[in-house]
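Subject: Handover of a structure and notes on its contents

Dear colleague,

Please find below the structure that I am handing over to you. My notes on it follow directly after.

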Amino acid sequence: MKTHRLTSGRMILFLLLLSVGLWSSPGSRPFILKGAVVYPATGPKIENATILIENGKIAAVGPGINIPSGAQVIDVSGKVIIPGLIDIHSHLGFFDADLNEFPQPIGPENRALDALYLDSPDWAEAVKGGVVTLVTGPGSGERIGGQSITIKTFGADLTRRILKEAGEVKMAVNARNLSHIQAIRTTLLKAREYMETWERYEAGDKKEQPPKRDLGLDALVKVLKGEERVRCHAHFANDMLTFLKLKDEFGFGLTFEHSTEAFKIADEIAKRGVGCVCLPLVMRIPLNEDLMRGNAILGEAGVKIAFHTDHPVTQEKWLRLCALMSMRYGLSEEAALKAMTINPAELAMISHRVGSIEKGKDADLVVLNGPWQELRSRVDRVYVDGVLAYDRAKEEIHP
Amino acid sequence: MNKRNELFRMSLPFLAVLIVSLVCSGAEKTVAIKGGTVLTMAGKTIPNGIVLIKGDKIQAVGDDVRIPAEAVVVDAAGKYVMPGIIDAMTYFGVRPFDLNDPSNPVTPQNRIIQAYYPFGQFMKGQGGIEPDKEILSGGVTTVYIAPGDRQVIGGQGAVVKTCGPNFDRLILREPASIDMAIGDPPKAALGESAKSPVTRMSIAALIRKSLIDAQEYDRSQKAYDAKPEEEKKKSPRPPRDLGNEALAKLLNREIPARIESDLPDDLRTAIRIAEEFNFNLVIDSGLTAYLLKDELAKKKIPAVLGPTSHPFVSGGEVSSTPELLRVMDERNAAILAKAGVKIAIASFGFGFGGFGDAVQGKWLLLEAGLATGFDLPDEEALKAVTINPAQILGVADRVGSLEPGKDADVIILDGYPLNVKTWVEKVFVNGELVFTKE
């Protein structure tokens, strides 16, 4: 009987602790991460920093900030904090068979969201690697593959998790076939006519029937208006030049994807302010020494670069390795950090929410057990919108 | 008396070395690598050490080695010196279409050495062996080359050096093993044809059948050999079969089987068959091997693991194998090593004559470095790309550590080997300087 009472007493204590735990879980009340070395990505590193998180946002960051009373204090001294990593070229969340609509070479109306497999175990794996935001979308099997989605790797609330439902249009040029580029150009010309037809209609008295809507051309109109960008898969320098000419003609925003030989025409790319999503430089991909130095050449030429894993080509969680390998091949530490945080955020036009540790941005934070620049460092914790999405201490159950 | 005999026996190799060096001293070059931190991989690290090379062998390693006057001295002050890296599983130097014979799931007679191409780029070059600069830039001096994993029994693997004076001198051990694959890789390839085997059951049954055939073959050959010469003259030898001959080597434990498998149950199948037929087994890839750590340790079955950054060396991509993703753990290497399983970390990389380049293997040290982030102690990580693969491949008498009498395959690095920014500066193979970083 006595034992039983003791057990219930313990149970009550446990429930009490549990409820305190729930009440104090990040996201619901302000908390601070205290004592780490913080790399904001947009400014110099801050030693012994404090980050205040409120309502899933970064409310303040600095060496000395005012801590509101009642804020939970989480001691992370000895750790390193970097922004949640961003990969703007991924195929995570896709079944292989859903990546390419091969019979339809031009399909700008196709939307990644409609194929997304949100229960894939890959999302949680990405979080483990500190990768928080993705642009994931169609493959490169078509000339115009469709619209990508910009989404976080964690979060129950999809309205918050999805940053951009659709918009960015994936295109692919390959020197394999001369008709490819003409097919893209013809489609863009058609989109421009469509846009002008609608502009005439909107400017008129609207008495006649409105023009028939075309979902594919609608997507391209956004691109022509500069509201969205073109993501162009390209490996060869001459293909990239061709596409730069197309950009000159139509004036759309552009990033090259993979950008294998971009370093050979770095000046042409830099001059036009085009971003380069650079090859996945992890150990799996067979790249020679010349290609490995490409990122540093692009960086020096002033091209805004971003790393990608091209998941599942390499697993999403190894995005940080791309930075380490680029640094091995001459890219500066500062540029390498930017290329997996603020640069991709800016290229994907989501830097108002993510990409750096700054006041007002989403509290997407990666806590590492050592310098982010070293192979042996590991991700200890990941916060997404201020919620603890991964905690190594709790996740590791194996011997 | 006994003791004297023993002393004499023990001194024989030294006498041999002495005689050989006396005979050859005129022609042999002596090189002394001096002042570096020497990671011998034979149990000790020597700060400010000397590695003395005579001809193609290591003559001495230590901190008070006398440097002969004629020696060429290589200054390694502030640098690290260690044995050449060994990649225990590659498809290096083999044209991709030479890796598998899609017409037959069982080809133990095939020898990968016959597809090995160490002559630089196809239709280019100055003649002779042309080492791949890319793979040398990673300090890789010895590789195991294997037939592909799209067959059940692919054939015979070989251990070769990445450079040498001629083709024959490249070969350290051939055949080195019988290469097999069970589970998803052969299933994916074989499933496309309408022929058996397409299930795990049938793949295992096929291996057993092949081994029983080989047992039968071996028995009849041995029976013939045992006959008196008189009888041999009267009856012809049973016809030779190259496939069974190779499998007989496996059954006689002259060479091990390398069985590529990832899921725990595939690993169990491999162990089961190895025990049934009493052959030596090496697990290849073994993504979930940590789940069987105690069994592997007890049975002394080593594992050649794939690179951490690209674990899916065998089973296609992760999205097609979610069951693997659920059970795999990046601490695989660390857990196995801690349990006492001998592990190697290998690239499973390819590279042929300028196509694809041998560039995965060149980052093998970085893979070892990455594994230290997943609890593998530094010492174990370094062993996993040097002495462990040498032992697993059966060539530890020649390579894998810096010890007197071993081949002079030595690399000099500009920093701690497991750091991402460290570069291999010099590579010696057989005592020859074959690579210098620009």
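Which residues of helix 11 of chain B are buried? They are B:N332, B:A333, B:A334, B:I335, B:L336 and B:A337. A residue counts as buried if 20 or more other C-beta atoms lie within 10 Å of its own, as exposed if 12 or fewer do, and as partly exposed in between, with C-beta atoms placed from the backbone. Helices (H or I, at least four residues) and strands (E, at least two) are DSSP runs, numbered from the N terminus.

Before going further, please note that this is a predicted model, in which local features need pLDDT of at least 70 and side-chain atom pairs count only at pLDDT 80 or more, while totals for chains, interfaces and linings use all residues. Residues are numbered from 1 along each chain as its sequence is written, and chains are lettered from A and ligands numbered from 1 in the order in which they are written.

Chain B: helix 11 and the chain as a whole

Helix 11 of chain B spans residues 332-339, and six of its eight residues are buried, so the helix is largely enclosed by the rest of the structure. Its buried residues pack against helix 9 (293-298), strand 12 (303-305), strand 13 (343-345), helix 12 (364-372) and helix 13 (378-383) of chain B. Just after helix 11 of chain B comes B:G340, which takes a positive phi of about 100°.

Chain B contains 14 helices and 17 strands. Of its 438 residues, 53% are buried. Among the contacts in chain B with a separation of 6 or more, 70% are between residues 24 or more positions apart; two residues are in contact if their C-beta atoms, placed from the backbone, lie within 7 Å.

Chain B: strand 6 and its partners

Strand 6 of chain B covers residues 85-92, and eight of the eight are buried, so this strand is largely enclosed by the rest of the structure. Two strands pair if DSSP finds at least two bridges between them. Strand 6 of chain B pairs in the parallel sense with strand 7 (residues 140-145) of chain B over four bridges, and B:D87 stands opposite B:V143 in strand 7. Strand 6 of chain B also runs parallel to strand 14 (residues 349-351) of chain B, to which three bridges join it. There, B:Y91 has B:F350 as its bridge partner.

Chain B: two domains

Chain B is divided into domain 1 (1-83 + 400-438) and domain 2 (85-399), with bounds that come from an automatic or database domain assignment. Between them, 21 residues of domain 1 are in contact with 29 residues of domain 2. On the side of domain 1 that touches domain 2, strand 5 (80-83), strand 16 (424-429) and strand 17 (432-436) of chain B each supply at least two residues. Strand 16 of chain B gives the most, with three residues. By class, this side of domain 1 has 13 nonpolar, four polar and four charged residues. Here Ala, Val, Leu, Ile, Met, Phe, Trp, Tyr, Cys and Pro count as nonpolar, Asp, Glu, Lys and Arg as charged, and the others, Gly among them, as polar.

Chain A: an open sheet

In chain A, four strands form an open sheet in the order 6-7-9-10, with mixed pairing. Its edge strands are strand 6 (85-90) and strand 10 (162-164), each of which pairs on one side only.

Strands 6 and 7 of chain A run parallel and are joined by four bridges, with A:T136 in strand 7 as the bridge partner of A:S90. The chain passes from strand 6 through helix 2 (residues 122-128) to strand 7 of chain A, and this β-α-β crossover is right-handed: with the strands pointing away from the viewer, the path from the first strand over the helix to the second runs clockwise.

How many residues of strand 7 (residues 131-136) of chain A are buried? Six of the six are, so strand 7 is largely enclosed by the rest of the structure. Strand 7 of chain A also pairs with strand 9 of chain A, in the antiparallel sense over four bridges, and A:T136 stands opposite A:I149 in strand 9. Strand 9 (residues 149-152) of chain A in turn pairs with strand 10 of chain A in the antiparallel sense over two bridges, where A:T150 stands opposite A:K164.

Yours sincerely,
A colleague
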